[in-house]
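Hi,

Here is the structure I promised to pass on to you. Please have a look at it first, and then read my notes below.

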Amino acid sequence: MKLCPAQMLPLFTVMVDTLASSSTKGEFVLKLTSLYKNTSVAHPVVLMIPVPCDLVNPSFSAKVGEVSYVPDKDFISWRVPNLKGEETCTLEYRYFLPTLV
């Protein structure tokens with residue numbers, strides 16, 4: 001007896017584009033795309049994006065959802081309350097790292 005289909009497809013894809021990256025800063029664009037039918041809705045969708053442990057002054061820009069930095073866990077949390085099928089959401093984030101002299 002088979003309980004799962006032979007080929008399972010992911011519900012989401014996550015693509016990250018690097019806008020600028022150096023030893024002291026990072027700028028990224030993250031695109032979250034739902035791959036299920038447009039008649040369906042997922043809620044809530046929470047992404048935990050790992051970041052370096054010593055960030056300085058992170059900033060975020062998302063048209064959909066809430067974004068927060070969780071310093072004790074070293075990640076950015078992006079919570080999208082309702083993600084419709086076949087929809088793409090974008091998160092832009094940038095941060096700085098301390099310089100060593």
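**Strands, rings and cysteines**

M15 has K31 in β2 as its bridge partner. This is a predicted model, in which local features need pLDDT of at least 70 and side-chain atom pairs count only at pLDDT 80 or more, while totals for chains, interfaces and linings use all residues. Residues are numbered from 1 along each chain as its sequence is written, and side-chain values use heavy atoms, with hydrogens and water left out.

On confidence, pLDDT is the predictor's confidence in each residue, from 0 to 100. The protein chain has a mean pLDDT of 90, with 92% of its residues at 70 or more. Confidence is lowest in strand β5 (residues 56–62), at a mean of 91, and highest in strand β7 (residues 75–80), at 96.

Back to β2. Strands here are DSSP runs (E, at least two residues), numbered from the N terminus, and two strands pair if DSSP finds at least two bridges between them. β1 and β2 are antiparallel and share nine bridges; they make a hairpin with three residues between them. β2 is also joined to strand β9 (residues 88–96) by nine bridges, again antiparallel. In that pairing, F28 has Y93 in β9 as its bridge partner. Seven of the 10 residues of β2 are buried (buried means under 20% relative accessible area, exposed over 50%, partly exposed in between, with a 1.4 Å probe and protein chains only).

Now the rings. Rings of Phe, Tyr and Trp (its six-membered ring) pair if their centres lie within 6.5 Å; planes under 30 degrees apart count as stacked, over 60 as edge-to-face and the rest as tilted. The count comes to three aromatic pairs. One of them is F12 with Y36, an edge-to-face pair at 5.8 Å centre to centre and 85 degrees between the planes. This pair links distant parts of the chain, 24 residues apart: F12 is in strand β1 (residues 12–21), and Y36 is in the loop between β2 (25–34) and β3 (41–42). F12 is partly exposed, at 28% relative accessibility, whereas Y36 is buried, at 13%. Ring pairs also link F28, Y93 and Y95 into a cluster.

How many disulfides are there? The count is zero, taking a disulfide as a pair of cysteine sulfur atoms within 2.5 Å. As for the cysteines, C53 is exposed, with a relative accessible area of 58%, while C89 is buried, at 2%.

Best wishes

Definitions and conventions
Helices (H or I, at least four residues) and strands (E, at least two) are DSSP runs, numbered from the N terminus.
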